[in-house]
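Here are a few exercises to work through with the model open beside you. Try each task before reading its solution.

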Amino acid sequence: MVAKISVAKISVAKISVAGCLRRIAAVALISTLGLSLGLTLVQPAAAAAPPSKALNSTDSILKWINNYRHDPAPEDLPAVVRALSRMQSFKDAESSGAYIGFIAGVLGSNPDRAAILIEEMLPIDPADHWVLVRAIAYSGLPEWREQLATFVDRMPTRRAMIDKYLDGKLPTLDQIDYQPAKPGLLDKLKTSLHLDKEHKKEIALKPTPELIDVLWGNYLATGEYEPIGRVIKLLPLSNDHDSVDNLTTGSAAKFTLASNAVRDTELLDMLKWSVKSQPKDVAVVLQDVIDTADTVDTVHMRQESLAAIEELKEKGPDSKRELSGWGQVGQGALSMGCVVAAATGQIELGIPCVIGGAAYTASLQYATH
């Protein structure tokens, strides 16, 4: 991601992914830990349809994205991005992580074509240029700064954002804080009394479910181990019983790996290869992920995670303060029920995603529906 929350069952309709990749609040984990971010990874029955025939809906674009790593077509990316912009899929910054990761992955895998691809993606709503800026910064291209500098005049509304990336004031995927430090009592006191003004925080990406979205999008674009390896590094957070944010993110990492490995045999093989070289704290959790995928026992994993949340609520250090808002499930909260459905096929759970009062389906629900 247990207080009991009454939620009405909803019928799952195919609605924009923009709603379902929204920020995952800690309260969401209470509803259910069937969180796979909907990035349901399966072996395609056939090659993805060319974008010219698949731009009529978000669902068809997502099918193309899901198949991309098996049949790469970087020249089609600009048309897909332009279509997504027309569909307003980038209007919520906190729900666009998978798209950003995917664009970044395609750019990073095609350094010789990157400039041309960026050029062809520019004709989108200027308000959406932030997606391109972040994707370029996350691409891992050796000359990503030069690319931003080259196109800064073409994206004037994002000049401030570009300048911050160029100045090193915004982090990239190489700057993930996998083990965020826990402030002690003295640190908390200094913060509350504003005594730490001169302390400079290190520029880093904090572990969040949104970051996991980015990494899965990157995997869909490349099929490579690197983004999966980064998700794996977040697994120890699933054992953090002192922080709701860390426990939620770690559980998201754990469940997305297990749920997607159930259907993606190449991913499962990748996890089995990786576990042999992991440090003990990572290997233990990763082996649990592998066992869950092998036995298709995601229900058991969800139950264990829910029990951990209950224990944190009742006994964990600082839990009362951190969990004080868990009962306030208002607009903007996202129920994890929407994120499990695609990967586990448990649409019958009927747990809604509440976003601004509207109900949405699983995030990238497309592979089998």
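**Exercise 1.** Which cluster do ring pairs link together, Phe-102 being one of its residues?

*Solution.* Some housekeeping comes before the steps. This is a predicted model, where local features need pLDDT of at least 70, side-chain atom pairs count only at pLDDT 80 or more, and totals for chains, interfaces and linings use all residues. Residues are numbered from 1 along each chain as its sequence is written, and side-chain values use heavy atoms, leaving out hydrogens and water.

Step 1: look for ring pairs, meaning rings of Phe, Tyr and Trp (its six-membered ring) with centres within 6.5 Å; planes under 30 degrees apart are stacked, over 60 edge-to-face, and the rest tilted. Step 2: follow the pairs, and you get Trp-64, Tyr-68 and Phe-102 in a cluster. Step 3: check what else Phe-102 touches. Ignoring residues up to four places away in sequence, its contacts (heavy atoms within 4.5 Å) include Ile-65, Leu-77 and Gly-217.

**Exercise 2.** Work out the geometry of the pairs Phe-90 with Tyr-99 and Trp-216 with Tyr-219.

*Solution.* Step 1: the structure has 7 aromatic pairs. Step 2: Phe-90 and Tyr-99 make one that is edge-to-face, at 5.8 Å centre to centre and 85 degrees between the planes. Step 3: Trp-216 and Tyr-219 also pair edge-to-face, with 5.9 Å between centres and 90 degrees between planes. Trp-216 and Tyr-219 sit 3 residues apart in helix α11 (residues 209-222), so about one helical turn separates them. Helices here are DSSP runs (H or I, at least four residues), numbered from the N terminus. Step 5: Phe-90 and Tyr-99 are both buried (under 20% relative accessible area, with exposed over 50% and partly exposed in between; 1.4 Å probe, protein chains only). Trp-216 and Tyr-219 are buried too.

**Exercise 3.** Trace α15 and say what comes after it.

*Solution.* Step 2: pick out its buried residues, among them Val-282, Leu-286 and Val-289. Step 3: move on to Val-296, which follows α15 and has a positive phi near 50 degrees. Val-296 lies in the loop between α15 (280-295) and α16 (298-315). Step 4: Val-296 is exposed, because its relative accessible area is 54%.

**Exercise 4.** Is Gln-88 partly exposed or buried?

*Solution.* Step 1: find Gln-88 in the loop between α4 (77-86) and α5 (97-109). Step 2: its phi is positive, near 60 degrees, though Gln-88 isn't a glycine. Step 3: Gln-88 has 48% relative accessibility, so it counts as partly exposed.

How values were computed. Helix = DSSP H or I, 4+ residues; strand = E, 2+ residues; numbered from the N terminus.
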